[in-house]
Amino acid sequence: MTMGEAMIGDDARALCDLAARLTEGTPFAVTVGELRSRLDEPLRVAIAGRVKAGKSTLLNALVGERLAPTDAGECTKVVTWYRNGIGYDVQAILRDGGSRSLPFGRSDGRLSIDLGDLATAAIERLEVTWPSKALEQVTLIDTPGLASLDDENSMRTRDLLAMGEDRPSDADAVIYLMRHLHRRDAEFLGGFLDRSVAASSPVNALGVLSRADEIGACRLDAMESARRIAARYQADPDVRALCTAIVPFAGLIAEAGLTLREEEATALRTLAATSAEVLERMLWSVDRFCEPGSSAVTVELRRSLLLRLGLFGLRLTITALQAGPTSTATDLAALLVASSGLDDLRAVIAHHFLPRAQVLQARSTLAGLRSLAKELEATQPAAAREIGTEVERVEATTAAFSQLRVAHLVLSGEVSFEVEERAELERLMRPGARVADRLALDPSTAGDALVQAALEGAGRWRERAASPLGDSALREACETMARSYEAAYLELAGPPT
Amino acid sequence: MTQGAPVPSAADAVVTQATALAELAASLGRDDLAERLQAAVARVRRPATVVCVVGEFKQGKSSLVNSILGAPVCPVDDDLATSVLTLVSHGEQPRTDVRRRVGTEVVVDEIAGETLSEWVTEAGNPANEKGVERVDVALPHDLLAQGLVLVDSPGMGSMGAGQGAATLAFLPWADGLIFVSDASAELSRPEVEFLHQARELCPTVVFALTKTDLTPEWRRIAEIDTDHLAADSNPMTPLPLSCALRDLAFAHHDRELNDESGFPALLGVLDSEVFAPASQLAADRATDDMASVVGQIGAALEGELAALTDPLARSEVAERAASAMERLEHLRGPGARWSIVVADRIADLASQVTFDFRAAMRHIVRDLEDQIELLKSPKDWEELARVLQTRVAEAVTAAFLAIEQGADAIEATIVELVADDLDDLPGFGGRHGDIDVEALWAGKALDPDSRRGGRALGSALTGLRGAQGGIILFGMMAQFLPVGVGAVLLAAPITLGLGAAFGGIQLFDAHKRKLAQRRQQARVNVRQFADDVQFEVTNALSDALRDLQRSFRDELGLRIGELQRTYADTASAATAAAARDEAASAQRLEEVRGDLSRLDALQGGTETGLGPR
């Protein structure tokens, strides 16, 4: 982590403390308190996408438990937060500002929440507190699908992400699920990103090509197909302007792998022992798979296997069992998880979001303070001015922010860089990377050569920044590139003596 | 159905009668009339029907086309999506033609079928950079041989906006529409909205729920979709389909699998909802053709009969025939009233349609320029691009519809004028002696209410679908239209130029001066785009009008030619009667009476079989 990033959190905290002093005793104190505590919480990652893109399934796979309800029809109707905690608890935060504890239970591994007589329209959001290692670093937010037929649901997601509104988003980052990339997906991502530049950037959006097993018609090579498609999208400048990385992911397969039960493995083993010819025909279609009489496994059990694994999961596990009939439930679970793309997804989250968590959170906080300043203008103009000025000062002087801003300008296409230059930028500004990596040099490179490279980079970009041909945004980008090389140089040179 | 659909029985009767009448006409030496009837029979047997396959992107449209035909015609891939309109029709030899635009020229190249994906997919031809207007695939196939033309469309809602609008504009000219949505998710709002519009534009809409082999919960999705459509007051039931099972059924020759695939049901719907009405329409036209042929053969035979039975009448028959021929000759010439009227009316129509189109374009551009000033976010700008595209598509459609409407009116005037000119055209007595001039134009006899389509567009659409339009004079236009509008809408610059007009402009910059500059650039681009569209469409419109005028002349020329031959034959029969000896005359008389009674029998069949029209 660079020094700038270590400091940014402290800067934001100091700002919150200032705002807290200025708003003490006013109704705004609560808002400030929330902004302050947000900095010490895990990163808030919203999971968004069109209806039935597989958002809840992805959430369950990331947590490793079946917390979010999944169903063939549209089923997430309320924005739901899943956060880590010591005990188990479900709260409904109501529109009128109140909240209510809700009874919940688990059946068949699934979490079920009883809304009782609460109308979904009265609920602002649900907060599920669940002790989970996976939720220690991120708070996950499940959202209703966009372009849903039920307008109310779409609106909820738009509210959460503050799309098209001049207020900060509740989420620090977003994982956007798309099946094949669709105009509405692009629009949505664009909407998420085009709020004020300071608050938005392709750097906090990650694309997931979801239900990847279905893209390849559930064939055994479906995931390879999906990987190929994801790679193509990632190379597309229009898509890169919206999110930095796109990973293929078969949520159902991952979820099934993480929660596979011994009895399911036993049933799969029985199925795999069916004669090859009968089995081939059973796996032609979902209806054939469930036809009575074709297997000793009961129709109910087959149907539940089908719902859990999908045709791809069935084909995958049964093929594996035919080759190695001794495979255990653990083996099958590992195979499913490995095939699902979950590891890649986790790696990308770890790589893109977590190292930047401080900056992303600070950015949300700063955006919150800026809008607070605007609200204060009427009642406490002096305080509003002071907060506004401080926010601007922090934004302007923090290296991590300018890096993020330049990454945004370049990735969103506002400043055009050559492909190699863009790669250089991504490398140079990669949070938490070692100096040699940032300079694209071998880790064993001698200190002198590193210093040389850092100076060369700084000089090169300074020169480019001085060119009279560029506009102000390009100049800013070039200067930030140069400063980043200088920062690398300073790190190499050690603290000033 | 794949083995060839049975032609409906009413149409069968028409085919039998028309064939018999054609034989009679041929035996009397009237090859021209026989040909007319044979053409009518061919139309009944093979009614040209255009069925469009539409839906959002990656729902399995190309797979569906392939599975209907049981042949890998359209490229299918997990990734590659179709980006160009593909028309699949019957041909004795497989053949693939790519129509594309190079500058202002349209170039047609024959390509090898295997290389099709290089032209029609996003990967081979990203954003249609090769400027492909459409691809025509011909292949020998039973189903296509019945006259089916399948249209595989690019998915609506891929990143390049506006293709949805182009697809909608194409629909008024389609006989049927297969809307494709896969079973992996319920219908989205845009899909429900599209289906609503489509139902208003196209008489037969089938909702194909694909990929049922992969989706365990497809029945639930079907129920949910049914509910959504009912809630939208557009009740429809999805038809579950599996292309994978259909392909397996072909590979394993397995009838049960084929039934499971749902395709027999789809073909059944196409048969009863698309082919049967088209075939009925063609049968109605054939009936009118028969009436005209019966009238002419009857008049000639009555004339000869008169000359044979009454030697004194011979010269009168010859004189009458000669005077009729003279008048017909005039009618055929450039001085005929109808000819002048057609030229005038086409010119009027041209200036009216062009004027209206230009006015519409001007209006669109002005609105857009106003809105450019008000833009706040890039999303507004994209929205504006979509609005522009939709409104231009509407303007183009309206222009072509105006031509169609105008053509109807012109046709009615011509029929009236010609009927008036030929009002006292001499007959030869007897039951068949008088020629019903109005019956010459079969289309006139069609009841306009029976024509299909155009619900949303009021009376503007006169059922000019496929080649089955009620207007016989309009045969050529009918073929031109779907292609014309479709091609204009899908081709450069409407879809291609839009990228240039709307891409690459950042309207939202911190600097005011720069913002003004960019808005100015946006206005320039919009105007340039509008100019390009206007140029293209005006050319297409004048081509359409020229074709229209030519088809009027050709058709009328043919009909007058037939009449001339009828009178010429009668005149020579009268002369021949004078030259015969008594025995030969008696024999000829017997023959003519025989022919007349055969004609009566056929005509009786026509009347009892199909009722008076």
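# Notebook: strands and helices of chain A

I began at one end of the sheet and noted that A:Ile93 has A:Ser99 of strand 4 of chain A as its bridge partner. I am working from a predicted model, and I keep that in mind for every entry below.

**Entry on the sheet.** I looked up how strand 3 (residues 89-94) and strand 4 of chain A are joined, and I found three bridges between them, with the two strands running antiparallel. I then followed the whole sheet, which is open and is formed by nine strands of chain A in the order 4-3-7-2-8-1-9-10-11, with mixed pairing. Strand 4 (99-101) and strand 11 (245-248) of chain A stand at the edges with a single partner strand each, so one side of each has no neighbour in the sheet. From one strand to the next, I noted a twist that averages 25°. As a reminder to myself, strands of a sheet pair through backbone hydrogen bonds, and they do so either parallel or antiparallel.

**Entry on strand 1.** Which strands pair with strand 1 of chain A? I found five bridges to strand 8 (residues 138-142) of chain A, running parallel, and five bridges, also in the parallel sense, to strand 9 (residues 173-178) of chain A.

I looked at helix 15 (residues 342-352) of chain A, which lies across strand 9, strand 10 and strand 11 of chain A and runs at about 160° to strand 11.

**Entry on a hairpin.** Strand 5 (residues 104-107) and strand 6 (residues 110-113) of chain A are joined by four bridges and run antiparallel, and I noted A:Arg106 standing opposite A:Leu111 of strand 6. The two strands form a hairpin with two residues between them, and A:Asp108 in the turn has a positive phi of about 60°.

**Entry on two loop residues.** I next looked up A:Arg211, which is not a glycine but has a positive phi of about 50°. A:Arg211 is in the loop between strand 10 (205-209) and helix 6 (212-215) of chain A, and it counts as buried because its relative accessibility is 15%, below the cut-off of 20%. A:Ala440, also a residue other than glycine, has a positive phi near 60° and is placed in the loop between helix 20 (435-438) and helix 21 of chain A. With a relative accessible area of 43%, A:Ala440 is partly exposed.

**Entry on two packed helices.** How do helix 21 (residues 447-466) and helix 22 (residues 472-493) of chain A cross? I found that their axes come within 8 Å and cross at roughly 160°, which means that helix 21 is roughly antiparallel to helix 22. The crossing of helix 21 and helix 22 of chain A is left-handed. Among the residues that make the contact, I noted A:Leu450, A:Trp461 and A:Arg464 of helix 21 and A:Cys478, A:Tyr485 and A:Leu492 of helix 22. The residues of this contact divide into 16 nonpolar, one polar and seven charged.

Conventions: Residues are numbered from 1 along each chain as its sequence is written. Chains are lettered from A and ligands numbered from 1 in the order in which they are written. This is a predicted model: local features need pLDDT of at least 70, side-chain atom pairs count only at pLDDT 80 or more; totals for chains, interfaces and linings use all residues. Side-chain values use heavy atoms; hydrogens and water are left out. Axes are lines fitted to C-alpha atoms, for helices over the stretch in contact, and angles run from 0 to 180 degrees between N-to-C directions. Angles under 35 degrees count as roughly parallel, over 145 as roughly antiparallel, 65 to 115 as roughly perpendicular and the rest as oblique. A crossing is left-handed if the near helix is turned anticlockwise from the far one by less than a right angle, and right-handed if clockwise. Contact means heavy atoms within 4.5 Å. Ala, Val, Leu, Ile, Met, Phe, Trp, Tyr, Cys and Pro count as nonpolar, Asp, Glu, Lys and Arg as charged, and the others, Gly among them, as polar. Two strands pair if DSSP finds at least two bridges between them. Buried means under 20% relative accessible area, exposed over 50%, partly exposed in between (1.4 Å probe, protein chains only).
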